[in-house]
Amino acid sequence: MQDYKISLRHITKSFPGVKALSDINFDVRKGAVHVIMGENGAGKSTMMKIINGVYHPDSGAIFIDGKQVSIKTPMQATELGIAMIYQELNFVPEFTIEEYLFMGKEPQKGRGIVDWKRLHSEAVRIMEEEGVNYHPGTKIKDITVSDLQILEIIKATTSGAEIIIMDEPTSSISNQEVDRLFQKIEELRKKGITILYISHKLDEIFRIADEITIIRDGAVIETKPASEYDHDTIIAKMVGRSLENVYPEMIHHPGEEYFRVEHLTGGYFQDVSFYAAKGEIIGFAGLVGAGRTEVMRAIVGLDPIKEGKLYKARQEIHNGTVQNAKKNGIAMVSEDRRRYGIIGVRSIRENIALPNLEKVSTYGVIRHRKEKEITQNYFQKLNIKAPSHTTLIQNLSGGNQQKVVLAKWLLACPDVLILDEPTRGIDVGAKYEIYCLIKEMLAQGTTILMVSSELPELIGMCDRVYVMAEGRITGEVAKQEMTQEAIMRLATGGEKNE
């Protein structure tokens, strides 16, 4: 055990109705990049939160440098040299960047007195070294999600931690920022810092992994050097079966034009025009900050429209609010499901029923038997992994939360459904199930607009792809022309065929 930086022995953990971890034995070598793979709900994040002191194991022991330790709080984990970067970022919007970087470890010039001058100068030094192009006094609420993710990584790497846990750290950052992160990981590896890395992106893990541990249903399946794995083997081990296809066969026949946007202009985009046919799925590609999400938010009334028009079935419509958009048959699944897609302290049943109350109520009174019948049907149909439909949605994995979000709109039957990063942070098995749900919606005649940063996903699922850069549509790519190179040329401001 002396060769290992951290070891877990016989760790078990249960939540009400769910055994999350079962007799986990796990070792990580000093200075290694150790990748943990598994389906949503397999227990990866639970295991990492036990190491970081967020959860307490029901039984078992943790060893650091061969010595048994007790980690009851994240503060104790920090004192033991452990830092964790969460997939769902927690932050204080009103904090400045410099306050955020030193939160909980502010330099002091006296008992309880913050040395603001030193804090500012240290923040400037760190930001210059890391290439962060913001003023240290910029508030966290005024920066992008991708920049916040980079700051979280910097915060962890500058804390002096010897073990850094990264839970889906690339889920919200661009390809260029991924390269920058991997350079940072390589620097940390050379310094002997140990990295525990959770990711569902198979392409990226082979770039950095020394060893890979696969977890399924709360148990460790195996650990091997990364060089002994390939994509298909990992997938088969994760899901317990081989997946013949990453995407379902998408043979469908879109109808006539159904939804059109003309010369739409808002705060972050200009003169955006596109159309979609009934039963068609069109994609929106672009680098982080291209304006894709902002266009979709404006369409459903979350953000104001300065100029432009919306048409459905060749009739002009006016949304302005989410309520009006819903009345007009338009709905959106947000990329930030925790903030905009779910009510964490409510059950699966309540989350599915919420936008569909007219279907489960009479004269304003909810018919609980009808609500249970409808939601139980979708609970089973979508293979949502939870003890029952009364389970609080906050206790579900990300993939199962996303299934619930899709279930409520599958029940609502919108005419136009916007999916913003619908499979972000979701494993390959759950992705395939979600793709099948999307296919089912298309078969019902739903028009789908899909925003995705994963080019293979757009190519595998979409009939056409519009590409955006700097708030404008720079081109359209037809199905037969779709390649990652063609899309990236347009995303970076080039021409489709050079």
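A residue is called buried here when its relative accessible area is under 20%, exposed when that area is over 50%, and partly exposed in between, with a 1.4 Å probe and protein chains only. The model is predicted, so local features need a pLDDT of at least 70 and side-chain atom pairs count only at pLDDT 80 or more, whereas totals for chains, interfaces and linings use all residues. Residues are numbered from 1 along each chain as its sequence is written, and side-chain values use heavy atoms, with hydrogens and water left out.

We begin with a strand, where strands (E, at least two residues) and helices (H or I, at least four) are DSSP runs numbered from the N terminus. Strand β9, residues 163-167, has five of its five residues buried, and both of its faces are covered, with I163, I165 and D167 on one side and I164 and M166 on the other. In a regular strand the side chains alternate between the two faces of the sheet. Two strands pair if DSSP finds at least two bridges between them; β9 pairs in the parallel sense with β6 (residues 82-85) over four bridges, and I82 stands opposite I163. Five bridges join β9 to the parallel strand β10, residues 194-198, where L196 is the bridge partner of I165.

I234, in helix α8 (residues 231-239), counts as buried because its relative accessibility is 0%. Leaving aside neighbours within four places in sequence, I234 is in contact with M37, L202, I205, F206, I212, I214 and Y229; the C-alpha atoms of I234 and L202, which are 32 residues apart along the chain, are separated by 8.5 Å. Q402, in helix α14 (residues 398-412), is likewise buried, at 1% relative accessibility, and with the neighbours within four places again left aside, its contacts are V333, R337, E421, P422, T423, I426 and I434.

Helix α17, residues 484-491, shows how burial can be arranged around an axis: A486, I487, L490 and A491 are buried. Seen down the axis, these buried residues fall within an arc of 135°, taken from the directions from the helix axis to the C-beta atoms, so they line one face of the helix. What covers them includes β15 (281-285), α16 (455-461), β23 (464-469) and β24 (472-478).

Finally, L357 lies in the loop between α12 (348-353) and β19 (361-362) and is partly exposed, with a relative accessible area of 34%.

Terms used: Contact = heavy atoms within 4.5 Å.
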